[in-house]
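Keep the sequence and the 3D view open, try each task, and then follow the solution step by step.

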There are 2 protein chains.
Amino acid sequence: MGFVDKLNRAWKANRSLVCVGLDPDSSRFPRVIEQTDEPIFEFNKAIIDATHDLVCAYKPQIAYYAAEAAEGQLESTIAYIKGTYPDVPIILDAKRGDIGSTAQMYATEAFERYAADAVTVNPYLGFDSLEPFLAYKDRGVIALCRTSNPGAADLQDMKVDGDTPLYEKVAKLAAGKWNPHGNLLLVVGATWPEQLAKVRSIVGDMPLLVPGVGAQGGDVASLVKAGQTTAGTGLIINSSRAILYASSSDDFAAAARRETERLRDEINRHRSASGN
Amino acid sequence: MGFVDKLNRAWKANRSLVCVGLDPDSSRFPRVIEQTDEPIFEFNKAIIDATHDLVCAYKPQIAYYAAEAAEGQLESTIAYIKGTYPDVPIILDAKRGDIGSTAQMYATEAFERYAADAVTVNPYLGFDSLEPFLAYKDRGVIALCRTSNPGAADLQDMKVDGDTPLYEKVAKLAAGKWNPHGNLLLVVGATWPEQLAKVRSIVGDMPLLVPGVGAQGGDVASLVKAGQTTAGTGLIINSSRAILYASSSDDFAAAARRETERLRDEINRHRSASGN
């Protein structure tokens, strides 16, 4: 089963467009976690156990693991999800981008070493930098289009060939010749509902990964209105910090569950067909 | 001492603009290396011992280590260079790019965990994605401008604001407001001498990392003519595969030395002031 099919099933099974970002910052761990041998894994496991029936995906951000030399705990986290909740897709957020021979190594990292269902990539190097990832036809490849950060406009809004912002050009390529196997998706930040609507108009029903609700301040009503498909789906709406650190005490997992449920329900209130 | 100063000293001390890319592909290791406990580290160590007096930098490509879960051997490689040949700068080729809070984690990875002197980054997310790296003022931050791969043109040559290719816009930003501390550098592929000359005309004496000679086919005479500064320097010319795999037998280190020396001398013949 391909990534998009797996995602479609998770959307329906859990009636949720919420993706929980697993960005474990050990300086923010509660005491009960700090005292364990593998705090990052134990923190993630508690979050996953508390939220697995409320999400459409998990998205570990590899930078948080790399900064702490904790690749092993990332492997354990993914193996735990796959073993315990195999229907929940896993998106490795790595934003890789390199020349073909090196991109092949990064594809090996994401899809073989970590066995992720999808990975995020950066389009700046062009199509041949995406091909080694796209060749894994049962996996998803999610390219940056319009990112959630304040500086997104610096390059992504530059006007190309007259009056088209660069990010729209990326969306057009992703909706066409860059997507021979139907497994290319895009990232569009929740902080830019106008641009999200534009991308939706270009890419049809392509699922979009939408970071930026929660700590980054994206508005749920606006983003769902702008980004949903006619079926009321098509979005992977990521929240990381607002869920992971909903409480800084030992009740963090229960607090994370409440915040995930709250976000799911808020999103569903704005979907045109939330029973989907 | 900042990265550019360290680089300037290495250029002069070894009379070399050659950077050896440490991209260890274990499927290409000679037998004598295959049999060791830490084959990636042992391979790198042999290459480094054979070439340290002929280079201006080493550039490990992190993807090769990540694909094999060999981050520990990358740490050992960098520690070996720092301990044994401390005057040779180390560029971690990682092409990272993410929102500010995540970029901070990647900066921690590159500059604290690996203690690299410089790291490559991707500019697609804009200035705020570079700031956490640039804040390490004694380190180098090397942003992609015009990459060496065939697909480089897909986005990087798109015409912005009328008739300026995107990569020139990146060069102008890097030469100006994106570079508050003077530690931002650029990547321009050896395979594009015309674009390299254009970037040189924009950035003054900024050092440029130039991959793409050797296996990728960049022509040395053209790139040196196009990219050198008036002092006959300003280039970090990387070769990986042509040096690492100059021989597939147990004499690989001696063959790597010969190829490094040959490339250094070929480059120096075309420099306007090779005694520099």
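## Exercise 1: a loop residue

A:Ala69 counts as partly exposed, because its relative accessibility is 42% (buried means under 20% relative accessible area, exposed over 50%, partly exposed in between, with a 1.4 Å probe and protein chains only). Before going on, please note that this is a predicted model, in which local features need pLDDT of at least 70 and side-chain atom pairs count only at pLDDT 80 or more, while totals for chains, interfaces and linings use all residues. Residues are numbered from 1 along each chain as its sequence is written, chains are lettered from A and ligands numbered from 1 in the order in which they are written, and side-chain values use heavy atoms, with hydrogens and water left out.

**Task.** Find where A:Ala69 lies in chain A, and describe its phi.

**Solution.** 
- Step 1: A:Ala69 sits in the loop between helix H4 (62–66) and helix H5 (71–84) of chain A. Helices (H or I, at least four residues) and strands (E, at least two) are DSSP runs, numbered from the N terminus.
- Step 2: The phi of A:Ala69 is near 55°, which is a positive value in a residue other than glycine.

## Exercise 2: a strand residue

**Task.** Decide whether B:Lys95 is buried or exposed, and name the element that holds B:Lys95.

**Solution.** 
- Step 1: B:Lys95 belongs to strand E3 (residues 91–96) of chain B.
- Step 2: The relative accessible area of B:Lys95 is 8%, so B:Lys95 is buried.
- Step 3: B:Lys95 also has a positive phi, near 45°, and is a residue other than glycine.

## Exercise 3: two helices in chain A

**Task.** Describe how helix H3 (residues 39–51) of chain A and H5(A) pack.

**Solution.** 
- Step 1: Two packed helices are described by the angle between their axes and the distance between the axes.
- Step 2: The axes of H3(A) and H5(A) come within 9 Å and cross at roughly 25°. Axes are lines fitted to C-alpha atoms, for helices over the stretch in contact, and angles run from 0 to 180 degrees between N-to-C directions.
- Step 3: H3(A) and H5(A) are therefore roughly parallel to each other (angles under 35 degrees count as roughly parallel, over 145 as roughly antiparallel, 65 to 115 as roughly perpendicular and the rest as oblique).
- Step 4: Residues of H3(A), including A:Phe41 and A:Ile48, meet residues of H5(A), among them A:Tyr80 and A:Ile81; contact means heavy atoms within 4.5 Å.

## Exercise 4: two helices in chain B

**Task.** Describe how helix H11 (residues 220–227) of chain B packs with helix H13 (residues 252–270) of chain B.

**Solution.** 
- Step 1: The axes of H11(B) and H13(B) come within 9 Å, crossing at roughly 50°.
- Step 2: That angle makes H11(B) oblique to H13(B).
- Step 3: From H11(B), B:Val220, B:Ala221 and B:Val224 meet B:Leu263, B:Glu266, B:Ile267 and B:His270 in H13(B).

## Exercise 5: chain A as a whole

**Task.** Summarise the elements and the burial of chain A.

**Solution.** 
- Step 1: Chain A contains 13 helices and ten strands.
- Step 2: Of the 276 residues in chain A, 64% are buried.
- Step 3: The C-alpha atoms of chain A fill a box of roughly 55 × 45 × 35 Å along the principal axes.
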